Amino acid sequence: MPMAALRFYPFLPTQNPTTKTHSLTKSNPFQSTNSPNHQSSSFNEAPPRFHHHHLSLRPSAMATAASDGGFDRAAAVKQFDESRSGVKGLVDAGINEIPPMFRHNPDPLPPAPTGSVSVPTIDLSLPRGVVVDLIRAASHEWGFFQVINHGIPVSVIDGTLSAIRSFNELPPSDRSPYYSRSFTGGVSYSSNVDLYRSSAASWRDTIQVMMGPARPDPERIPPVCRQEILSWDENVSQVGRSLLELMSEGLGVDPHLLKELTVGDGKVMVCHYYPPCPEPEATMGVVTHTDPGALTVLVQDDTGGLQVKHVGENGNCYWVDVEPVPGALVINVGDLLQIISNDEYKSVEHRALVRSRDKSRVSIAVFFNPAKRGDTDFYGPLPQLISDGKPAHYRNFTMSEFMGTFFSKQLSSKALVDHFKL
């Protein structure tokens with residue numbers, strides 16, 4: 001297939017279409033299973049009525065004795081998921097230490113020396129040529145940057161973050177009817193989308209909404225944050241389209257090229273809530289990963305915790321804090337855009353720490369993905385970026401192959417881009 005036939009289609013970066021769904025059952029909460037297959041309620045119907053089930057939240061109750069006397073993670077995961085109350089449910093129950101299934105091994109990579117380096121912040125009100133140059137440099141050297149003067153009022157940002165926090169801080173009996181691992185209807189609320197595949201769970205709960213190419217029925221979105229989520233999609237979509245034009249110019253191609261490839265039309269909104277944690281140093285909010293899509297636009301509250309892996313001028317690799325800037329949006333390059341740009345832009349590993357014992361954190365990411373599909377449609381580096389002096393770094397492939405490769409990995413896997421290298 002010639003390179004001119006590049007086509008794309010949308011996918012949910014954090015949803016495995018083959019994953020079974022789960023629901024609250026009256027079976028033994030300590031029963032171990034590696035392949036749970038219980039059907040969950042979805043947003044196709046009104047939230048079900050049921051008696052709220054409180055999980056036994058002492059750490060010992062989250063671990064059962066396996067046949068060898070060790071920790072039975074499968075049973076603990078199943079019990080946690082079937083509580084339908086998420087990580088916030090653990091906090092609501094007053095735990096004073098985290099359950100074993102949430103414990104992560106320490107990361108040996110050090111933080112950057114204080115004040116030595118920071119992720120670029122770009123003022124979008126500067127002359128266009130200056131902005132293009134700054135975005136190109138940040139996308140190549142960092143894979144991350146923040147933008148200010150992007151057109152979204154601070155009041156809208158604060159209101160949206162507040163609405164997501166309000167939903168997650170509803171009583172467990174009000175949240176639980178929405179809890180589901182099914183993405184039927186384009187909306188889901190659950191804890192840890194990779195809960196059954198990861199080696200350790202992360203300290204977060206998440207609302208996901210598929211926003212493009214078509215929106216879901218608004219009635220599927222919890223009322224307490226419905227209007228704010230829909231409004232946020234409108235605002236961020238405008239910013240995303242503008243950024244894709246600026247980034248196209250930075251590659252030296254037509255400003256509308258990425259738009260013509262529908263790179264910004266497949267959208268997924270992921271609203272993360274990180275509850276207070278009794279042992280923040282022992283767990284993670286989001287493990288080290290790269291985003292598989294094209295572009296991510298994220299807003300975070302003032303708590304902080306987002307970190308980017310960066311190689312300094314001395315050749316040493318550090319974790320660099322993405323310090324919250326009032327009113328700013330955080331932008332990062334995804335794996336697809338790194339491939340499309342033939343490595344001109346870099347998709348960089350990042351993570352989210354859990355920072356507070358007494359304060360929650362909220363962040364909202366919108367993943368911009370391609371919206372066209374087809375088994376005979378291939379993609380790879382843009383033809384305009386390939387020359388005798390700079391050959392293609394990646395082979396062409398279908399999006400179904402790309403998705404299959406992504407879904408076969410844990411979130412923390414770094415092998416997605418490398419899988420397609422020539």
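Predicted model: local features only at pLDDT ≥ 70, side-chain atom pairs only at ≥ 80, totals over all residues.
The protein chain has 10 helices and 12 strands. Of its 422 residues, 56% are buried.

Eight strands form an open sheet with mixed pairing. Their order is β1-β2-β10-β7-β12-β5-β4-β3. The edges are held by β1 (residues 121-123) and β3. Each has a single partner strand, so one side of each is left without a neighbour in the sheet. Neighbouring strands are turned against each other by 20° on average, direction ignored.

Pairing was examined at both ends of this order. Strands β1 and β2 run parallel and are joined by 3 bridges. Within this pair, I122 has V147 of β2 as its bridge partner. Strand β2 itself is largely enclosed by the rest of the structure, because 4 of its 5 residues are buried. At the other end, β3 and β4 pair in the antiparallel sense, over 4 bridges. Here S190 is bridged to T206 in β4.

Two helices lie across strands of the sheet. Helix α4 lies across β3, β4, β5, β7 (295-300) and β12 (361-369). Its direction is at about 110° to β12. Helix α6 lies across β2, β4, β5, β7, β10 (329-333) and β12. The angle between α6 and β7 is about 130°.

Helix α6 has 25 residues. From its first C-alpha to its last it reaches 36 Å, close to the 36 Å expected at 1.5 Å a residue. The helix is followed by G252, which has a positive phi near 80°.

Helix α6 also packs against another helix. Two packed helices are described by the angle between their axes and the distance between the axes. For α3 (residues 128-141) and α6, the angle is about 80° and the axes are 9 Å apart. This angle makes α3 roughly perpendicular to α6. On the α3 side, the contact is made by R128, V131, V132, I135, R136 and S139. On the α6 side, it is made by L243, E245, L246, M247, E249 and G250. By class, the contact has 6 nonpolar, 2 polar and 4 charged residues. The spacing of such residues can be read against helix geometry. An α-helix has 3.6 residues a turn, so residues three or four places apart point the same way.

Helix α9 (residues 399-407) contributes a further set of buried residues. These are M399, F402, M403, T405, F406 and F407. Their cover includes α8 (335-340) and α10 (416-419).

Several loop residues were then considered. L195 is found in the loop between β3 (187-190) and β4 (205-210). Its relative accessible area is 0%, so L195 is buried. Leaving aside neighbours within four places in sequence, L195 is in contact with R73, V77, F80, D81, M101, R181 and A201. K78 lies 117 residues from L195 along the chain, yet their C-alpha atoms are separated by 9.3 Å.

Backbone geometry stands out at other loop positions. The peptide bond from G212 to P213 is cis, with omega near 10°. P213 is placed in the loop between β4 and α6 (226-250). Positive phi values occur at two residues other than glycine. For N149, phi is near 55°. N149 is found in the loop between β2 (144-148) and α4 (154-168). For T262, phi is near 60°. T262 is found in the loop between α7 (257-260) and β5 (266-274). With a relative accessible area of 8%, below the 20% cut-off, T262 is therefore buried.

Terms used:
Residues numbered from 1 in each chain as written. Heavy atoms only, no water. Buried < 20%, exposed > 50% of the residue type's maximum accessible area, 1.4 Å probe, protein only. Contact = heavy atoms within 4.5 Å. Expected span 1.5 Å × (residues − 1). Axes fitted to C-alpha atoms, helices over the stretch in contact; angles between N-to-C directions. Parallel < 35°, antiparallel > 145°, perpendicular 65-115°, else oblique. Nonpolar A, V, L, I, M, F, W, Y, C, P; charged D, E, K, R; others polar. Pairing = 2+ DSSP bridges.
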